[in-house]
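Have a look at this one with me. We'll go through it a piece at a time, ending with the open spaces.

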Amino acid sequence: MLDLNLIQRYWNKGVIIDSNLSILLFIGRWWPALIESWKGTRDRGYTHRDFEMLNTLLSSFQQILATPHILAETNNFANHLKQDRKLFYSFMAKEIAILKESYIDSISLTKVKCYYFFGLNDASIEALAAGDNYTTIGGDYLVISDDSKLVAYLAGRGIEAINLTNLRFYNEVR
């Protein structure tokens, strides 16, 4: 179940979305009809309703945070676009400009426990969410992901995270 207090706790701090949800957000804002027809979002089971829900939720936060690792993986997904890739990259550049991008060097990320379970990209999510104390327990930012294993892992590390499935369920019952 979705804890609405999470949004109240983090609205002024910020939220991090993973690369899968970043591509959903960017595609949905750019060309909504592609969500259910382009392989990159369709094969992940995303719907236009998922996009609307995510986009609305993100508007509740003062800032959306990202790392170069998240954005690079999002860009890698976008490389599979067959139509109007250059136009999408131009649009994506404008979207990136409104994010707060935080850099954490890769060697530091290899010291984050998450790295050994999920790799560099997700380690960057843990480190950014945890803030200055990313080698300890706790978190400064909320994470939204469609990766249930990552969400469970982050919860075990004291970092609050929401799974897309929980958002879907919350929207169904309200």
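**A walk through the model**

Let's start on the inside: the largest cavity is lined by Ile17, Ser22, Leu25, Phe26, Ile64, Leu65, Ala66, Ile70, Leu71 and Leu99. Helix 2, strand 2 (64-66) and helix 5 (68-78) are the elements that each give two or more residues to that lining. Keep in mind that this is a predicted model. The lining of the largest cavity is made up of 9 nonpolar residues and 1 polar one, with no charged residues. Its volume comes to about 50 Å³. And how many cavities of 30 Å³ or more does a search of the whole structure find? The count is 1.

Spanning residues 19-30, helix 2 packs against helix 4 (residues 48-58) at an angle of about 100°, and the two axes are 10 Å apart. That angle makes helix 2 roughly perpendicular to helix 4, because angles of 65 to 115 degrees count that way. On the helix 2 side, the residues that meet helix 4 are Leu21, Leu24, Leu25, Gly28 and Arg29. Helix 4 brings Asp50, Phe51, Leu54, Asn55 and Leu58 to the contact. Sort the residues of this contact by type and you get 6 nonpolar, 2 polar and 2 charged. Leu25 turns up here in the contact, and Leu25 is also one of the residues lining the largest cavity.

Now for the sheet. In general, strands of a sheet pair through backbone hydrogen bonds, either parallel or antiparallel. Which kind of pairing is found here? The pairing is parallel, with 5 strands forming an open sheet in the order 3-2-1-4-5. At the edges sit strand 3 (100-101) and strand 5 (161-163), each of which pairs on one side only. Strand 5 runs parallel to strand 4 (residues 142-145), and 3 bridges join them. Within this part of the sheet, valine 143 stands opposite alanine 161 in strand 5. Lying across strand 4 and strand 5 is helix 10 (residues 148-156), which runs at about 155° to strand 5.

Last stop: a pocket. The second largest pocket has a volume of about 160 Å³. Around it you'll find Trp38, Lys39, Gly40, Asp43, Arg44, Phe77, His80, Lys82 and Gln83.

Terms used
Residues are numbered from 1 along each chain as its sequence is written. This is a predicted model: local features need pLDDT of at least 70, side-chain atom pairs count only at pLDDT 80 or more; totals for chains, interfaces and linings use all residues. Side-chain values use heavy atoms; hydrogens and water are left out. Two strands pair if DSSP finds at least two bridges between them. Helices (H or I, at least four residues) and strands (E, at least two) are DSSP runs, numbered from the N terminus. Contact means heavy atoms within 4.5 Å. Axes are lines fitted to C-alpha atoms, for helices over the stretch in contact, and angles run from 0 to 180 degrees between N-to-C directions. Angles under 35 degrees count as roughly parallel, over 145 as roughly antiparallel, 65 to 115 as roughly perpendicular and the rest as oblique. Ala, Val, Leu, Ile, Met, Phe, Trp, Tyr, Cys and Pro count as nonpolar, Asp, Glu, Lys and Arg as charged, and the others, Gly among them, as polar. On a 1 Å grid over the protein atoms alone, a cavity is a set of points where a 1.4 Å probe fits but cannot get out, and a pocket is an open set with protein on both sides within 12 Å along at least five of seven lines; lining residues have an atom within 4 Å of a point. Grid points are joined across faces, edges and corners, and a volume is the space filled by probe spheres set on the points.
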